[in-house]
Amino acid sequence: MNEQQAIELLEQLRSGAQEKVFISKEDFMVFRAQLVLQEDRASFVGTANKGGTATYVYVQQQQEG
């Protein structure tokens, strides 16, 4: 995975085009590097899986106030 592919996966989650994405152990650091740059990064929820993979979903955050 390269940076552009990671950005595309994040956008697919954000837009609802993908409900969840699976990130391999090998791709995790590239994906994470782009994830932390997102303004809405708290909306991306990741779950660690057996074998070192991770699953990410996008959870819409409610606005306070």
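Here are a few friendly notes on this predicted model, taken one feature at a time.

1. Let's start with helix α1, which covers residues 3-15. The helix has 13 residues and reaches 18 Å from its first C-alpha to its last, close to the 18 Å expected at 1.5 Å a residue. Its buried residues are Ala-6, Leu-9, Leu-10 and Leu-13. Seen down the helix axis, these buried residues fall within an arc of 100°, so they line one face of α1. As background, an α-helix has 3.6 residues a turn, so residues three or four places apart point the same way.

2. What sits over that face? The cover on the buried residues of α1 includes β1, α2, β2 (44-48) and β3 (54-58).

3. Both ends of α1 deserve a look in your viewer. At the start of the helix, a side-chain oxygen of Asn-2 comes to within 3.0 Å of the backbone nitrogen of Gln-4. Just after the helix, Gly-16 adopts a positive phi of about 90°.

4. Next, the aromatic rings. How many aromatic pairs are there? The count comes to two. One of them joins Phe-31 and Tyr-56 in a tilted arrangement, with 4.9 Å centre to centre and 50° between the planes. Phe-31 belongs to helix α2 and Tyr-56 to strand β3, so this pair ties together parts that are 25 residues apart in sequence. Phe-31 is buried, with a relative accessible area of 0%, and Tyr-56 also counts as buried, at 9%.

5. Phe-44 and Tyr-58 form an aromatic pair too, this one edge-to-face, at 4.9 Å centre to centre and 70° between the planes. Here Phe-44 lies in strand β2 and Tyr-58 in strand β3, so the pair links parts 14 residues apart in sequence. Phe-44 is buried, with a relative accessible area of 6%. Tyr-58 has 19% relative accessibility and counts as buried because the cut-off is under 20%.

6. Finally, a word on Ser-24. Where does this residue sit? Ser-24 is in the loop between β1 (20-23) and α2 (28-35). With a relative accessible area of 22%, Ser-24 is partly exposed. Leaving aside residues up to four places away in sequence, Ser-24 touches Gly-52 and Thr-53. If you want a distance to check, the C-alpha atoms of Ser-24 and Asn-2 are separated by 13 Å, with the two residues 22 apart along the chain.

How values were computed. Residues are numbered from 1 along each chain as its sequence is written. This is a predicted model: local features need pLDDT of at least 70, side-chain atom pairs count only at pLDDT 80 or more; totals for chains, interfaces and linings use all residues. Side-chain values use heavy atoms; hydrogens and water are left out. Helices (H or I, at least four residues) and strands (E, at least two) are DSSP runs, numbered from the N terminus. Buried means under 20% relative accessible area, exposed over 50%, partly exposed in between (1.4 Å probe, protein chains only). Contact means heavy atoms within 4.5 Å. The expected span of a helix is 1.5 Å times one less than its number of residues. The arc is that of the directions from the helix axis to the C-beta atoms. A polar contact is a pair of N or O atoms within 3.5 Å; within protein, one must be able to donate a hydrogen and the other to accept it, and residues adjacent in sequence count only if both atoms are side-chain atoms. Rings of Phe, Tyr and Trp (its six-membered ring) pair if their centres lie within 6.5 Å; planes under 30 degrees apart count as stacked, over 60 as edge-to-face and the rest as tilted.
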